[in-house]
Amino acid sequence: MKLLTASIVVLALFLSCITNSPADPHRSFKKEFLERINEARHRGCNCGTEYMPPAPPLVWNDDLETAAQNHAEDMSGRHYFSHTSRDGRTMSDRVIAAGYTYKGFKSFAVGENIAEGQMSIAEVMDGWLKSPGHCKNLMNPSFKEVGVAQFRLYWVQDFGGREPFTKAEQRLIKSGKVKLIQHSSSKE
């Protein structure tokens with residue numbers, strides 16, 4: 001009986017530790033960013049003098065987060081601030097290398113916001129929403145996914161939008177009745 005009582009006490013303490021453990025800071029980071037981004041997209045906003053109407057919510061994409069993290073670390077480690085990496089890679093190059101590819105999709109769009117020196121998610125989001133170009137990226141309805149990273153004082157927000165082929169389009173492609181032509185243009 002004492003062994004059973006001791007086991008129950010140990011189990012209760014274990015469960016208490018699990019339920020009272022602090023939240024995963026990475027999960028909180030992602031959650032807060034998505035909430036702030038999607039709140040702005042839900043209500044619409046002025047990006048400079050241009051009104052951007054409400055846009056569908058974004059979802060988190062781990063490949064975009066990886067690209068953002070790699071770029072933030074690279075800017076910090078190499079002491080620069082640019083959408084173009086010191087080795088000449090563009091934002092498109094980085095997101096594709098991180099696994100966010102266009103293959104199998106009929107449309108592919110990417111965008112990027114960067115910032116340096118902000119101390120919180122609220123501060124960096126406020127800055128991006130006050131900058132017309134950054135704000136337009138945040139409100140762009142072509143973007144469906146986002147990944148954000150912070151490393152030291154560098155912040156990177158990578159956006160992506162891919163539209164899959166319909167089943168009918170897939171059948172036409174497989175039959176050879178339709179040929180795909182790849183067109184690439186990178187705007188940063």
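## A buried cysteine

C45 has a relative accessibility of 13% and therefore counts as buried; buried means under 20% relative accessible area, exposed over 50%, and partly exposed in between, with a 1.4 Å probe and protein chains only. The model is predicted, so local features need pLDDT of at least 70 and side-chain atom pairs count only at pLDDT 80 or more, while totals for chains, interfaces and linings use all residues. Residues are numbered from 1 along each chain as its sequence is written, and side-chain values use heavy atoms, with hydrogens and water left out.

## Overall build

The protein has seven helices and six strands. Helices (H or I, at least four residues) and strands (E, at least two) are DSSP runs, numbered from the N terminus. Along the sequence their order is α-α-β-β-β-α-α-β-α-α-β-β-α.

Of the 188 residues, 34% count as buried. The accessible surface comes to about 11700 Å², and 58% of this belongs to carbon and sulfur atoms; accessible areas come from the Shrake-Rupley method with a 1.4 Å probe, and for residues only the protein chains shown count as cover. A contact means heavy atoms within 4.5 Å. Among contacts between residues at least 6 apart in sequence, 68% join residues at least 24 apart.

The bond joins C47 to C135, with an S to S distance of 2.0 Å. The link of C47 and C135 is left-handed, with -60 degrees about the S-S bond. The pair connects distant parts of the chain: C47 is in strand 1 (residues 45-47) and C135 is in helix 6 (residues 132-139), 88 residues apart. Both C47 and C135 are buried. C45 is in no disulfide, and the nearest cysteine sulfur, that of C135, is 3.5 Å away.

In helix 6, the residues C135, N137, L138 and M139 are buried. The cover over the buried residues of helix 6 includes helix 2 (25-43), strand 1, strand 2 (50-52), strand 4 (105-116), helix 5 (121-130) and strand 6 (154-164).

## Salt bridges

A salt bridge is a side-chain nitrogen of Lys or Arg within 4 Å of a carboxyl oxygen of Asp or Glu. By this rule the count is twelve salt bridges. One of them is formed by the side chains of E35 and K31, at 2.7 Å from N to O. E35 and K31 are four residues apart in helix 2, so about one helical turn separates them. E35 has a relative accessible area of 44% and is partly exposed.

R43 forms a salt bridge with E39, their closest N and O atoms being 3.2 Å apart. R43 and E39 also lie in helix 2, four residues apart, about one turn of the helix. R43 is partly exposed, at 46% relative accessibility.

E145 forms a salt bridge with R162, the closest N and O atoms being 3.8 Å apart. E145 lies in strand 5 (residues 145-151) and R162 in strand 6, so the pair ties together parts that are 17 residues apart in sequence. E145 is buried, with a relative accessible area of 15%. K106, E163 and E169 are linked in a network of salt bridges.

## A nonpolar surface patch

L172, V178 and L180 form a nonpolar patch on the surface, with about 240 Å² of accessible area together. Patches are made of residues with over 30% relative accessible area and no salt bridge: like charges are joined within 9 Å, and nonpolar side chains (Val, Leu, Ile, Met, Phe, Trp, Tyr) within 5 Å. L172 is found in helix 7 (residues 167-175) and counts as partly exposed, at 38% relative accessibility.

Terms used:
Disulfide = S-S within 2.5 Å.
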